[in-house]
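Subject: Structure handover

Hello,

Here is the structure we talked about, with the sequence. My notes on what was found follow below.

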Amino acid sequence: MTGRRHAIIPTTLGDMTLVAEENDLVGCRFPPADTSPSGDVVEPMDDAVLGPAATQLREYLDGRRTVFDLPLRTEGDEFQQRVWTALRDIPFGQTVSYGQLATALGGPALARRVGRAVGQNPIGVFIPCHRVIGADGSLTGFGGGLARKRLLLDLEEPPERRAARLF
C-alpha cells in the first residue's frame, strides 16, 4: 500500500496512532496529540509497514524487544534531523539530559533548540525522546504525558538499578 495511512493500535500505554507513508513509518503518537491523523485508516496487520511497527511496538512494551528494525522517515529542518538522529543513538536503558544532548550537537547553548526538536519528534517511542531528561534527573515534557514517560523509562531500567531503588 502506498500513500499516507494510519492505524490505531491498542497498547498497555493506551491507544497509539501509527502513521505510514509509502514504505516508511512517519508517525507514532499518543492521544490526544493527534485527534485527526491524516490518510486512510487501515488494519495494521494488512499493511507492510504498520503491521511490523505494531508488532515491534507490542514486543517492546512487553519487554521482549530493545531495538526497533523499521524504515523510519522524518521531515524537519537540518537541526531537527540531527537531534532525531542523536535520539536514535541513545541506547536502551540509558538516559541523557537536554544539556548533554545539546553539548554533543554543538554546545550547551543549544539546549532550548534541542528541547524544541525533541518535543517535535514525530515518531515517539521508535525515536526514543522519552530517554531525554532534565539536568537534575527530573522528568520533563513528553508528548504522551509524564506518566507514560515514567512507564517507558521503568520498562527500560536495568534490573540492577531497579533493585537499588528505594521506592
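Tyr-60 and Phe-68 are both buried, where buried means under 20% relative accessible area, exposed over 50% and partly exposed in between (1.4 Å probe, protein chains only). The model is predicted, so local features need pLDDT of at least 70 and side-chain atom pairs count only at pLDDT 80 or more, while totals for chains, interfaces and linings use all residues. Residues are numbered from 1 along each chain as its sequence is written, and side-chain values use heavy atoms, with hydrogens and water left out.

Aromatic rings

A pair of aromatic rings is described by the distance of the centres and the angle of the planes. Rings of Phe, Tyr and Trp (its six-membered ring) pair if their centres lie within 6.5 Å; planes under 30 degrees apart count as stacked, over 60 as edge-to-face and the rest as tilted. A search of the whole structure finds 4 aromatic pairs. One of them is Tyr-60 with Phe-68, a tilted pair at 5.3 Å centre to centre with 50° between the planes. Phe-68 and Phe-126 have ring centres 4.5 Å apart and planes at 50°, so this pair is tilted. Phe-68 lies in the loop between α1 (50-61) and α2 (78-88), and Phe-126 in the loop between α4 and β6, so the pair ties together parts that are 58 residues apart in sequence. Helices (H or I, at least four residues) and strands (E, at least two) are DSSP runs, numbered from the N terminus. Phe-68 and Phe-126 are both buried. Ring pairs link Tyr-60, Phe-68, Phe-92 and Phe-126 into a cluster.

A charge over a ring

The charged end of Arg-113 sits over the ring of Phe-79, 4.0 Å from its centre. Such a case is counted if NZ of Lys or CZ of Arg is within 6 Å of the ring centre and within 35 degrees of the ring normal.

The annotated cysteine

UniProt, in an unreviewed entry, lists Cys-129 under "active site". UniProt positions are given in the numbering used here, feature names are shortened, and annotations may be inferred rather than shown by experiment. Cys-129 lies in the loop between α4 (111-119) and β6 (132-133). Is Cys-129 buried or exposed? Cys-129 is buried, with a relative accessible area of 7%. Not counting residues up to four places away in sequence, Cys-129 touches Leu-87, Val-118, Asn-121, Gly-124, Phe-142 and Lys-149; contact means heavy atoms within 4.5 Å.

The sheet

An open sheet is formed by 4 strands in the order β3-β2-β1-β4, with mixed pairing. β3 (24-29) and β4 (40-41) stand at the edges with a single partner strand each, so one side of each has no neighbour in the sheet. Two strands pair if DSSP finds at least two bridges between them. β1 (residues 4-9) and β2 (residues 16-21) run antiparallel, joined by 6 bridges. Arg-4 has Glu-21 in β2 as its bridge partner. β2 and β3 also run antiparallel, with 5 bridges, and Val-19 stands opposite Gly-27 in β3. In β2, 5 of the 6 residues are buried.

Regards
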